[in-house]
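Thank you for making time this morning.

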Amino acid sequence: MATAQLSVQDQIRQLEGARKLVLGNANYYTQVIQATLPIIGPSAQVEFRRWGAEFLAEAFATPAIAPGQKETLSLVVLETLKLLVEDPNQDVLVLRGVIQAAASIYPLALRWIINNSYDTHTWERMTAIKTRILRIWDTAPLNVRICCIKFAQRVVLAQTQSINPEPRRGDLLDISLVMIPSNHPILDAPKLEAEASGLLDRMLGVLQDNSSDALIVDATLNTLSILVRNRPTTSNRIVNTVLNFNPLKLASSPLTPRTKVLIKSMEKTTRMLLMHLSRRNPQNPLVGRMQQQIERLMRSRAEIFDEGSRKRALVEQPNGVETKRQRTGVVPPHPQLEITPLKPGPHTLADVFTFTSNDGLKHFDVSNNVPAHIAARISVTTFARVDPQLLDRAIQGVRDRLTTLYEAQQQPVNPETAPLDVEEDEDDYEPDFYTAEDTEQILNKLDSSPADDRHELEKPALGGLALPTFHLPPPPTLNPEQAAKVGQGSVTRVFGTMRTLEDPAIKKAKAGINRLAASSYDRDSWITVITRLATRANAGLDNLEEDEDSKEAISTIRLSDTIREQLFNYVLEDFRKRIEVAVSWLSEEWYNDKVQEQSSPTLSDIPAHYEKWTLRLLDGFIPYLHSQDKVLTRFLSELPELNPAIFSRVQTLCRDPSLVNLALTTLYYLVMMRPPIRDLALDVIQDIWTDYEDARPIAAKYLQRWRPNFIEAAQQTLSGNEGAVGASATTVVT
Amino acid sequence: MEATNGESAPTAPANGEREDPGGFKLKFCTVCASNQNRSMEAHLRLSQAHYPVISFGTGSLVRLPGPSITQPNVYQFNKVSYDAMYKELHEKDPRLYTANGLLNMLGRNRQVKWGPERWQDWQIGIPRTDHASDRGSEGTEGGVVDVVITCEERCWDAVIDDLLNRGSPLNRPVHVINVDIKDNHEEASIGGRGILDLADSLNNAAKEEREAVGPTAFDMASAASRASFDERVPDIIGEWQERWPNLPATWTLAWF
């Protein structure tokens with residue numbers, strides 16, 4: 001006997017050795033399982049069967065083995081599992097292990113039969129195991145029953161439609177009904193789904209019966225999360241059942257240490273599941289009810305376990321039907337909301353909206369401590385979840401307070417009006433008039449005065465009662481500097497907007513001459529607005545200059561110059577892309593200059609903005625040009641007016657030999673395409689020919705056609721000069 | 001009635017090793033926020049009692065007190081060893097960190113295992129053969145446990161939420177028990193004793209279950225007389241709670 005016992009222990013030790021081997025390297029699983037199956041079979045001693053069942057449960061659970069390998073392994077072990085589970089006298093712990101293994105294998109077997117429909121034997125074995133497990137579900141000891149529940153959950157998971165239309169291959173939780181083709185020879189999807197639906201009902205039965213068996217209840221609740229999240233067809237049924245489950249039913253019986261543990265456990269497990277689901281899936285339409293149930297459970301639990309009251313605790317009816325005692329107000333239908341009337345004295349707007357009596361919360365400055373985007377997110381989620389009735393109450397509370405405040409503001413008037421009433425003839429007393437006037441005054445004051453001045457302003461409001469009429473105090477006048485500053489601020493903001501606006505995806509067809517300047521809020525419109533603001537804003541003011549304070553005019557001019565400066569910077573930031581902006585701006589400038597000239601031909605000191613800014617722009621981007629740039633050609637050809645000053649800038653380009661070609665091509669383009677300035681452009685080419693030797697070959701080519709005489713003359717003088725230079729050079733050398 | 005924790009604990013466990021009783025042992029996992037104080041105290045206690053035990057923290061980072069409340073010492077889970085923390089703090093301010101007990105705690109922890117591990121990063125069911133040098137690693141090679149004991153309600157919540165999140169792919173039941181312990185060295189020590197007492201009670205029940213070989217199954221009379229370990233857990237916790245009234249407990253049966 002003793003030797004036999006020893007041999008069992010020795011063998012178990014050997015089996016443990018084999019287990020250590022596979023834990024170290026999962027590749028040995030196939031060999032080890034095949035080698036151990038005969039030892040752990042249905043006729044083996046209970047110690048071996050226990051070890052084997054636990055080993056198989058572990059093997060099919062571990063993520064260390066790839067799902068594909070597990071699938072192959074499952075084919076090997078199904079027969080053993082079937083024999084073990086079908087033995088009516090099977091040891092309880094063996095059953096537990098076998099059912100756990102079967103739960104892990106079920107989705108694998110389903111996937112196998114989906115892809116290998118010929119292998120009916122495997123599926124028959126799996127079905128036999130399933131049938132057996134589902135049969136012992138109701139009668140088995142509790143520790144086996146929880147495993148039956150888990151098995152049923154895996155069947156439901158596998159036989160309902162997954163939320164993922166494309167199952168992820170590695171995720172066994174994703175094996176679902178969607179993988180079964182409609183023409184499968186063995187599997188009938190609707191039938192499987194019906195079975196799953198029945199199993200789910202059986203699982204939820206324990207909650208519907210409001211069982212007090214915490215082990216079963218917890219085991220069930222803790223399997224439901226993945227079903228709700230990944231199997232939409234089960235979601236509503238499960239959530240509704242959980243919402244109708246009352247985990248606190250036991251509280252009506254005497255509170256023994258055991259029942260306390262059970263109540264706490266079921267309440268907390270229910271609450272955790274609801275919190276998890278409402279957090280993971282905030283779009284679920286039942287989230288509101290979940291939140292209510294969570295709060296209700298927390299309150300009831302607090303009441304039950306409140307140290308002070310050892311009396312029989314109240315039990316919440318989760319379906320909302322209230323018992324007689326609850327109606328006495330011990331459990332208010334909504335969370336407590338204490339709306340205290342405001343104390344007399346001045347209040348900030350925040351005070352009016354504050355309900356909490358917690359000083360720490362009151363003084364917590366959200367604007368300083370919480371970044372705006374987080375505050376916004378918190379507010380949105382809070383509003384989405386808040387109980388509408390609670391919100392209504394809070395709003396009503398604020399309304400009431402505002403009404404009280406409104407009335408309170410009227411009260412100080414009375415002592416002032418009373419003497420009036422006594423002194424004057426009764427007919428003159430028009431309380432309505434005064435009251436109305438006064439309220440208006442106060443509101444005006446509140447609106448127009450900064451917070452600091454309010455105290456001071458209250459007095460005139462009361463004293464003002466003696467006067468028959470009230471004049472709205474004029475708004476504080478902006479001094480020119482302030483105005484300019486504010487103006488600059490606005491302009492800067494417009495530039496900010498322009499920078500963020502994307503290029504229109506599709507170029508709109510140009511509306512031509514009939515187009516409106518700024519009819520939409522795209523970038524083009526803003527550019528039009530801003531350029532006209534720069535060019536025309538002061539145009540009107542120039543005419544008024546005599547009437548206006550000269551200072552003010554100067555500041556306005558300063559403003560438009562600031563805009564110009566900003567436009568200038570804006571264009572130069574990325575001149576290749578923004579050259580269009582530059583052209584439209586300069587066109588506006590040119591137009592404005594012309595209009596100015598016409599409107600006041602006598603005035604000679606009208607600043608020529610067009611030329612000034614064109615030259616600045618050219619000076620700005622010319623240093624960055626490279627030989628392939630088309631931007632210069634385009635810019636010059638689109639400008640409304642060209643003059644020698646502008647051309648002189650082009651001429652300077654030729655200092656860089658690599659840009660000679662660019663400068664000359666640009667000029668030649670103007671010669672060809674803009675006849676009015678042809679001569680001007682040719683003059684420049686001529687100058688270039690004269691000044692820059694490197695440019696001569698190309699310049700000569702262009703001049704050949706338009707100014708053949710010049711070339712000839714120049715050639716001659718040049719040869720003469722050259723001779724002279726050469727002569728002088730030789731003299732120097734010699 | 002003023003009750004003190006552990007007043008009537010049947011066996012006041014000695015501070016330190018005890019003889020290995022052998023036989024079946026439940027596998028435990030202790031959890032607190034940073035895997036430093038409470039869970040490590042309990043980890044040490046359980047390992048000294050020869051239970052298979054692993055431990056985790058549920059926080060986002062390992063936070064240890066610093067020179068002021070706004071300057072905590074923050075470390076990453078699974079990246080920094082207890083030894084490295086010990087050396088760093090010893091270098092920073094040996095007096096401060098000796099006075100507040102941190103060096104003592106880290107010194108203890110580095111004798112137990114390499115470094116703090118994060119619960120959420122635990123790959124449940126992946127063999128832990130590479131943790132052989134950790135105290136209490138014997139028996140936890142399979143990478144699963146039977147009982148998870150958290151030391152704070154918040155951690156229990158995090159564990160349950162995480163298990164719900166994982167979707168219970170392993171089909172293995174696990175008892176998750178919270179034992180509320182304040183986060184200071186004294187309470188951690190008391191809590192550690194309480195947890196060991198709980199572990200002993202649970203393990204006795206589990207042992208009895210395994211000694212009862214046979215079908216029990218469908219004969220309800222015998223099943224009642226020999227309730228399974230799982231069924232007895234709430235009774236055991238209830239009785240334990242009477243012994244340790246200042247360590248409020250919460251329990252559920254969850255799934256790996």
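This is a predicted model: local features need pLDDT of at least 70, side-chain atom pairs count only at pLDDT 80 or more; totals for chains, interfaces and linings use all residues.

Let me begin with a question: which side chain meets that of Arg38(B) in a salt bridge? The partner is Asp183(B), at 3.7 Å from N to O, where a salt bridge is taken as a side-chain nitrogen of Lys or Arg within 4 Å of a carboxyl oxygen of Asp or Glu. Arg38(B) lies in helix 1 of chain B and Asp183(B) in the loop between strand 6 (173-179) and helix 6 of chain B, so the pair ties together parts that are 145 residues apart in sequence. Arg38(B) is buried, with a relative accessible area of 3%, whereas Asp183(B), at 53%, counts as exposed; buried here means under 20% relative accessible area, exposed over 50%, and partly exposed in between, with a 1.4 Å probe and protein chains only. Salt bridges with shared partners join Arg38(B), Glu152(B), Arg154(B) and Asp183(B) into one network.

Residues are numbered from 1 along each chain as its sequence is written, chains are lettered from A and ligands numbered from 1 in the order in which they are written, and side-chain values use heavy atoms, with hydrogens and water left out.

Let me stay with helix 1 of chain B. Just after the helix, His50(B) takes a positive phi of about 70 degrees.

For chain B as a whole, there are eight helices and seven strands, these being DSSP runs numbered from the N terminus, with helices as H or I of at least four residues and strands as E of at least two. Of its 256 residues, 58% count as buried, and residues 24 or more positions apart account for 75% of the contacts with a separation of 6 or more.

Now to the place where the two chains meet. The contact takes 59 residues from chain A and 49 residues from chain B, and the area buried between them is about 4400 Å², of which carbon and sulfur atoms give 57%; buried area is the accessible area, with a 1.4 Å probe, that two parts lose on being put together, summed over both. Six salt bridges are counted between chain A and chain B, and one of them pairs Glu153(B) with Lys268(A), the closest N and O atoms being 2.7 Å apart. On the side of chain A that touches chain B, helix 12 of chain A gives the largest share, 13 residues.

Glu54(A) also forms a salt bridge with Arg210(B), the closest N and O atoms being 3.3 Å apart. Since Glu54(A) lies in helix 3 of chain A and Arg210(B) in helix 6 of chain B, the pair joins two chains. Glu54(A) is partly exposed at 36% relative accessible area, whereas Arg210(B), at 19%, counts as buried.

Within chain A, Glu641(A) forms a salt bridge with Lys594(A), with the closest N and O atoms 3.6 Å apart. Both ends are partly exposed, Glu641(A) at 29% relative accessibility and Lys594(A) at 32%. Over all chains, the structure holds 48 salt bridges.

Finally, the cysteines. A search of the whole structure finds zero disulfides over all chains, a disulfide being a pair of cysteine sulfur atoms within 2.5 Å. Cys148(A), for instance, has its nearest cysteine sulfur, that of Cys147(A), 7.1 Å away, and Cys148(A) is buried at 0% relative accessibility. In chain B, the sulfur of Cys29(B) is 9.8 Å from the closest cysteine sulfur, in Cys151(B), which is too far for a bond, and Cys29(B) is likewise buried, with a relative accessible area of 0%.

Terms used. Contact means heavy atoms within 4.5 Å.
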